[in-house]
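Here's a quick briefing to read alongside the structure. Have the viewer open and follow along topic by topic.

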Amino acid sequence: MSGAFSAESRLIHAGTERAAGQPATPPLVPASIYISAGEPQPGRGYGRESNPGWEALEQALGALEDAEAVVFASGQAASMALMLALAKGRDSIVLPSDGYYGTRVLADKLRPHGAVPVHVDLQDLPAVERALAGRHGSGSSVLWTETPTNPLLRVTDLTRLAELAATAGAPMVTDNTVATGLLQRPLDCGATASLYSLTKSLSGHSDVILGAVASRDGELLAALRAWRSSGGAIPGPFEAWLALRGLKTLPLRIARQSQSALAIARHLAGHPRVAAVHYPGVTGPTTELARRQMSAGFGPLLSFELIGDRAGAADQVVESSTLILPATSFGGVESTWERRGRWAGETAPDGLIRLSVGVEPAADLITDIDAALKTLKTLKSLETPEVL
């Protein structure tokens, strides 16, 4: 479809063949082999190399950032392929100190291969510059960014980070899972690649595990496809079909979720049992940056800390809900929450609850949240919540 149309329209029509008699929706093709004689046709030699369902999904994802996309069996598989493709011959991977803990686990596993993970506050630009330079001022790094971060929803300046990365000769990756390519386009800011867990908002129905990378760098894209094929981190045809179906409603879902998440964040900011609220676009030091860098909303994910920062209190709130599901992950049509610090390796405060806002009416969600918070014992001293 012509680039003159919006990403939203291209999402809906991706993978559709506009010919008489063809299905109006991309078909499910559960094929492991293709007809092949003589010289193998590129991408059609064997089922581990490609599938029509992957291609349709990649076409839709690429439309979000005017790029090409490569789909993987999971977000972690996509991250691993990116690290293997980019970190070769480099000394370090500079990572956000408050980002997704699964990325830190992967980076640690690369350490024996020579790429040392370096954790830094990405809001501290001088610190990022020093980390990219290395210990002796001549380092060779990969800059791995994430904004908003998971689970503290901190926002960093992608344009400035990309400038620092370019000066240091470092490719920049942006984990854009929370915002999606509909609300934020890291490639336009100078990123080499955008990383996505399709398990979250992009598929949106909590029924698939997939990942993807979007890029405009042809060499990187070829390397990622090679790692996918040789490593076998391929998506199943049915999972790809489900993700594409879910992706078509992304603009509708994320608009509703963003609106509700903002209303809930503002409500929690005034709650006597809440010490801090983390959500982009709400009053805080990076509010203007979030509004400038993100468009059409701030996404479905927020987190908040309870007064007293007690794990037991957070568990009690989560378990007391009658509407919001106690579960991990985010971006689904159903609202979920969890005490994030229950996971090994997570750096979240003990009393932090991460909330993924679904498409239920915001008023119903606020009623459920208030009822769950009321189960806590009355606190002797209440602090004014800090909104970040």
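This is a predicted model: local features need pLDDT of at least 70, side-chain atom pairs count only at pLDDT 80 or more; totals for chains, interfaces and linings use all residues.

The largest pocket comes in at about 450 Å³, and a search of the whole structure turns up four aromatic pairs. On the backbone side, there's a cis peptide bond from Thr-147 to Pro-148 and another from Asn-150 to Pro-151.

**The largest pocket**

- The largest pocket has a volume of about 450 Å³, and 25 residues line it.
- Closest to the centre of that pocket are Gln-76, Tyr-100, Asn-150, Ser-197 and Lys-200.
- Three elements each give at least two residues to the lining: helix H3 (75–87), helix H4 (101–110) and strand S6 (193–197).
- Lys-200, one of those residues closest to the pocket centre, also sits over the face of Phe-330, 5.5 Å from the ring centre.

**Aromatic pairs**

- Four aromatic pairs show up in the whole structure, among them Tyr-100 with Tyr-101, a tilted pair at 5.4 Å centre to centre with 55° between the planes.
- Buried or exposed, how does Tyr-101 count? Tyr-101 counts as buried because its relative accessibility is 17%, and the cut-off for buried is under 20%.
- Tyr-100, at 26% relative accessibility, counts as partly exposed.
- Another pair is Tyr-279 with Phe-298, and this one is edge-to-face: 6.3 Å between centres and 80° between planes.
- The Tyr-279 and Phe-298 pair links distant parts of the chain, with the two residues 19 residues apart.
- Tyr-279 belongs to the loop between strand S8 (274–278) and helix H12 (287–293), while Phe-298 is in the loop between H12 and strand S9 (301–306).
- Both partners are tucked away: Tyr-279 is buried with a relative accessible area of 1%, and Phe-298 counts as buried at 13%.

**Thr-336**

- You'll find Thr-336 in strand S11 (residues 336–339).
- Thr-336 has a relative accessible area of 8%, so it is buried.
- What lies 3.5 Å from a polar atom of the Thr-336 side chain? That would be the backbone oxygen of Ser-329.
- Setting aside neighbours within four places in sequence, Thr-336 is in contact with Ile-324, Leu-325, Ala-327, Thr-328, Ser-329, Arg-354, Leu-355 and Ser-356.

**Cis peptide bonds**

- The bond from Thr-147 to Pro-148 is cis, with omega near -10°, and Pro-148 is in the loop between strand S4 (141–146) and helix H6 (158–168).
- The bond from Asn-150 to Pro-151 is cis as well, with omega near 20°; Pro-151 is in the loop between S4 and H6.

**Positive phi without glycine**

- Asp-66 isn't a glycine, yet its phi is positive at about 50°.
- Asp-66 lies in the loop between helix H2 (52–65) and strand S1 (68–72), and it is partly exposed, with a relative accessible area of 42%.
- Ala-296 is another non-glycine with a positive phi, here near 60°.
- Where is Ala-296? Ala-296 lies in the loop between H12 and S9.
- Ala-296 counts as exposed because its relative accessible area is 68%, and exposed means over 50%.

Technical notes
Residues are numbered from 1 along each chain as its sequence is written. Side-chain values use heavy atoms; hydrogens and water are left out. Helices (H or I, at least four residues) and strands (E, at least two) are DSSP runs, numbered from the N terminus. Buried means under 20% relative accessible area, exposed over 50%, partly exposed in between (1.4 Å probe, protein chains only). A polar contact is a pair of N or O atoms within 3.5 Å; within protein, one must be able to donate a hydrogen and the other to accept it, and residues adjacent in sequence count only if both atoms are side-chain atoms. Contact means heavy atoms within 4.5 Å. Rings of Phe, Tyr and Trp (its six-membered ring) pair if their centres lie within 6.5 Å; planes under 30 degrees apart count as stacked, over 60 as edge-to-face and the rest as tilted. A charge sits over a ring if NZ of Lys or CZ of Arg is within 6 Å of the ring centre and within 35 degrees of the ring normal. On a 1 Å grid over the protein atoms alone, a cavity is a set of points where a 1.4 Å probe fits but cannot get out, and a pocket is an open set with protein on both sides within 12 Å along at least five of seven lines; lining residues have an atom within 4 Å of a point. Grid points are joined across faces, edges and corners, and a volume is the space filled by probe spheres set on the points.
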